[in-house]
Amino acid sequence: MSAEEKQLYSVSIYTENNIGLLNRISAIFQRRHINIESLNTSPSEIEGVSKFTIVVNMNEVNIKKIIGQIEKQVEVIKAYYHSLDDIIYQIAGLFKIKSELLFEERQIQNIIKESNARIVTVNKEFFVLEKSGKKEEIVALYNKLSPFGIMQYTRSGLIAVTKEEMKISSLLQTYNN
Amino acid sequence: METQTINQKETKAKKTERISGSEAIVRCLIEEGVDILYGYPGGAIMPVYDELYKYQDKIHHVLTRHEQGATHSAQGYARISGKVGVAMATSGPGATNLITGIADAQIDSTPMVCITGQVPSHLLGSDAFQETDIVGISTPVTKWNCQVTKASQIPEAIAKAFYIAKSGRPGPVLVDITKDAQFDEFDFSYEKCTQVRSYNPVPATDIAKVEEAAKLINAAKKPLIVWGQGVILSEAEEQLKAVIEKAGIPAAWTILGASAIPTSHPLNVGMVGMHGNYAPNILTNDCDVLIAIGMRFDDRVTGSLNTYAKQAKVIHFEIDPAEVDKNVKTDVAVLGDAKTSLDLLLPLLNDNSHADWHQKFKDLYQIEYDKVIKNDIHPTKEGLTMGEVLKEINIQSKGEAAIVTDVGQHQMVACRYADFNVSKSNITSGGLGTMGFGLPAAIGAKMAAPEREVVSISGDGGYQMTIQELGTIFQQKAAVKVVVLNNDFLGMVRQWQQLFFDKRYASTEMVNPNFVAIAEGYYIKAKKVTKREELAPAVKEMMESKEAYFLEVCVEKEDNVFPMIPSGASVSDIRLE
């Protein structure tokens with residue numbers, strides 16, 4: 001893949017847990033007219049340090065510049081970018097479907113089994129399916145279920161761990177010394 | 001000495017006093033060495049003003065006539081002194097009026113702390129009277145900002161604000177403080193901030209990179225230095241001078257780098273960029289090694305990037321890693337503080353003179369002189385030129401004055417023709433191009449450096465954007481020399497209309513008021529010059545005045561600023577006419 005060619009990148013940003021930082025980071029993308037494909041924030045492996053995982057479709061030349069702009073923010077500890085090949089990632093999808101379909105459309109049960117989806121809850125009106133995996137797997141399940149009618153569908157942001165080490169703790173130590 | 005500091009710190013840390021948040025704000029400012037701040041009172045910041053009243057023997061609050069003026073004054077203060085400028089405003093419109101100045105300080109890396117009052121915390125988000133989300137609004141144009149809703153958070157927030165504003169690549173920060181946090185009492189103690197764990201303001205200089213740079217420079221036949229404001233911000237003027245003299249390298253400057261090396265220095269080859277000098281622009285595309293120091297390759301400097309210095313190896317001395325390879329791909333990037341890096345570079349450089357290469361600059365200067373400069377500063381036509389006004393100011397100030405400009409044609413002329421003998425003498429809005437910057441910035445500069453002659457030069461357009469600050473000059477008795485170069489046009493836009501829009505002068509002609517009467521209305525001595533023979537005596541009278549002085553010079557209406565690199569063209573396609 002050339003540095004000029006666009007591809008999906010996962011951007012991992014370790015930050016202080018401060019109000020307003022999301023605004024500061026998303027503004028960096030907005031200013032350059034870059035659409036955020038997905039965004040997730042959560043605590044990280046280090047206490048008091050938050051982690052943003054942002055997926056964008058960009059070329060490598062520009063993602064490097066974006067990383068520089070992100071790291072420039074005072075409360076950002078470190079930012080990394082990875083192609084999807086360099087990370088282990090998961091996306092979760094939730095499907096809300098009418099319960100009667102489970103009995104009327106026997107095929108649905110097979111779809112659930114084949115796709116390794118999990119039934120989270122069932123009641124008289126509806127049941128909820130959860131499927132984690134790559135985006136394509138969740139989309140594939142969506143495509144199979146949608147002919148039967150889906151009441152609600154939602155997909156989470158991508159969350160990832162990297163194959164290589166991210167040396168945040170040691171970096172924090174060098175800043176502190 | 002060191003023990004003493006530690007002891008003082010210990011005593012300070014132990015000693016706490018129960019005071020209000022608003023008193024704490026003022027005490028924090030005093031602890032940070034703030035002697036002057038600029039601002040405008042209003043509902044949500046009134047408790048702080050009440051404390052400023054009590055502490056007025058320690059800290060001088062300057063009432064500007066508009067909050068924008070407060071930011072520009074704080075910027076002028078910061079730019080001439082190297083200290084952090086402080087501006088204060090109330091919530092809502094007071095806070096939003098700061099934004100232009102904050103954006104200006106952000107793009108021009110000026111250390112500034114803005115303190116805004118905010119509605120009481122229980123009203124946040126309720127669309128209360130004069131409530132605005134100033135933290136949200138200011139986020140993209142601040143280096144850092146925060147909202148404080150508890151009195152006890154004030155010392156830490158302000159300490160952090162000053163540290164972040166001044167350290168590394170400087171910039172503006174904003175601290176928004178709710179009114180209840182100003183009223184509440186807490187146990188006050190103050191400790192300066194010396195580090196923020198997620199923030200690495202000055203990357204360590206890598207000696208291996210310095211060696212690589214030195215190798216390229218020593219091998220170069222046609223090296224060119226372009227320095228920017230980074231040299232001034234890191235106070236590396238002596239280091240830069242030593243480097244260019246030892247290695248015999250012609251050195252050019254960006255608009256914000258002006259004055260770091262005296263204009264008269266034989267290796268100072270002038271300004272780069274859109275209205276910069278002919279030689280350094282043309283020869284940017286002829287040099288074999290381009291050494292950029294504390295500059296960021298702004299588009300007004302580079303013109304078209306596709307044709308910018310493609311033949312050259314590029315070395316970039318830079319404190320901000322995000323600037324490296326942002327616009328121009330570098331061969332060697334030396335991260336770190338310019339002063340440190342240049343100190344390390346100097347002993348590695350060979351003595352050199354590059355006489356033939358330097359001759360090229362002289363030859364091109366001669367062409368520029370004959371075609372442009374001569375007519376600008378020694379005009380033979382009837383109408384006055386902006387250039388000859390600058391020449392008179394140079395003569396009368398002996399090149400010692402700090403020149404504060406607004407934005408437009410006069411700004412380019414001032415930067416091209418002002419003699420700078422002292423660093424931090426060119427205060428101008430470079431990156432944002434903020435019309436209205438000049439007059440209030442000059443007030444801040446004069447108050448920060450009362451011993452210096454400060455000359456504000458504006459056009460008739462920008463001057464009227466912040467003209468109300470004449471009131472501040474009068475009230476503060478700030479001896480600013482205010483020059484308006486009046487061509488009854490928004491000259492720079494008119495120039496573009498002439499060159500690129502077939503002379504369709506859409507909304508650029510100004511029907512102007514009696515500027516002398518306005519200045520006199522503020523009890524400021526004032527004079528208007530329309531003829532060449534009146535100019536020299538008037539400038540002399542202005543410069544000799546111990547008080548503020550207003551001088552309007554009516555210049556030729558449709559003069560253009562040349563040389564010029566048309567927008568999007570290559571630096572080597574610079575036009576002389």
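Trainee: How many residues does the contact take from chain B and from chain A?

Mentor: The contact takes 18 residues from chain A and 16 residues from chain B, where two residues are in contact if their C-beta atoms, placed from the backbone, lie within 7 Å. On the side of chain B that touches chain A there are 8 nonpolar, 4 polar and 4 charged residues. Here Ala, Val, Leu, Ile, Met, Phe, Trp, Tyr, Cys and Pro count as nonpolar, Asp, Glu, Lys and Arg as charged, and the others, Gly among them, as polar.

Trainee: What should I know about the model and its numbering?

Mentor: This is a predicted model, in which local features need pLDDT of at least 70 and side-chain atom pairs count only at pLDDT 80 or more, while totals for chains, interfaces and linings use all residues. Residues are numbered from 1 along each chain as its sequence is written, and chains are lettered from A and ligands numbered from 1 in the order in which they are written.

Trainee: How is chain A divided?

Mentor: Chain A has domain 1 (7–87 + 159–176) and domain 2 (90–155); such bounds come from an automatic or database domain assignment. The C-alpha centres of these two domains of chain A are 32 Å apart.

Trainee: Which feature does UniProt place at residues 10–84 of chain A?

Mentor: An unreviewed UniProt entry gives "domain: ACT" for that span. UniProt positions are in the numbering used here, feature names are shortened, and annotations may be inferred rather than shown by experiment. Residues 10–84 of chain A are 31% helix and 44% strand, and their end C-alpha atoms lie 7 Å apart.

Trainee: Turning to chain B, how many helices and strands are there?

Mentor: Chain B has 24 helices and 20 strands, taken as DSSP runs numbered from the N terminus (helices H or I, at least four residues; strands E, at least two). The radius of gyration of chain B is 24 Å, close to the 25 Å that the globule rule gives for 577 residues, so chain B is as compact as a globular protein of that length. That radius is taken over C-alpha atoms, and the rule is 2.2 Å times the number of residues to the power 0.38.

Trainee: And what share of chain B counts as buried?

Mentor: Of its 577 residues, 56% are buried. A residue is buried if 20 or more other C-beta atoms, placed from the backbone, lie within 10 Å of its own.

Trainee: What are the domains of chain B?

Mentor: The assignment gives domain 1 (17–188), domain 2 (207–361) and domain 3 (378–554). In chain B, 12 residues of domain 2 are in contact with 15 residues of domain 3. The domain 2 side of that contact has 7 nonpolar, 3 polar and 2 charged residues.

Trainee: Which strands pair with β12(B)?

Mentor: Strand β9 (residues 223–227) of chain B pairs with β12(B) in the parallel sense over 5 bridges, and strand β13 (residues 313–318) of chain B also pairs with β12(B) in the parallel sense over 5 bridges. Pairing requires that DSSP finds at least two bridges between two strands. B:P223 stands opposite B:V289, while B:A292 has B:H316 as its bridge partner in β13(B).

Trainee: Which way do the residues of β12(B) point?

Mentor: B:V289, B:I291 and B:I293 point one way, B:L290 and B:A292 the other way, and all are buried.

Methods
A residue is buried if 20 or more other C-beta atoms lie within 10 Å of its own, exposed if 12 or fewer, and partly exposed in between; C-beta atoms are placed from the backbone.
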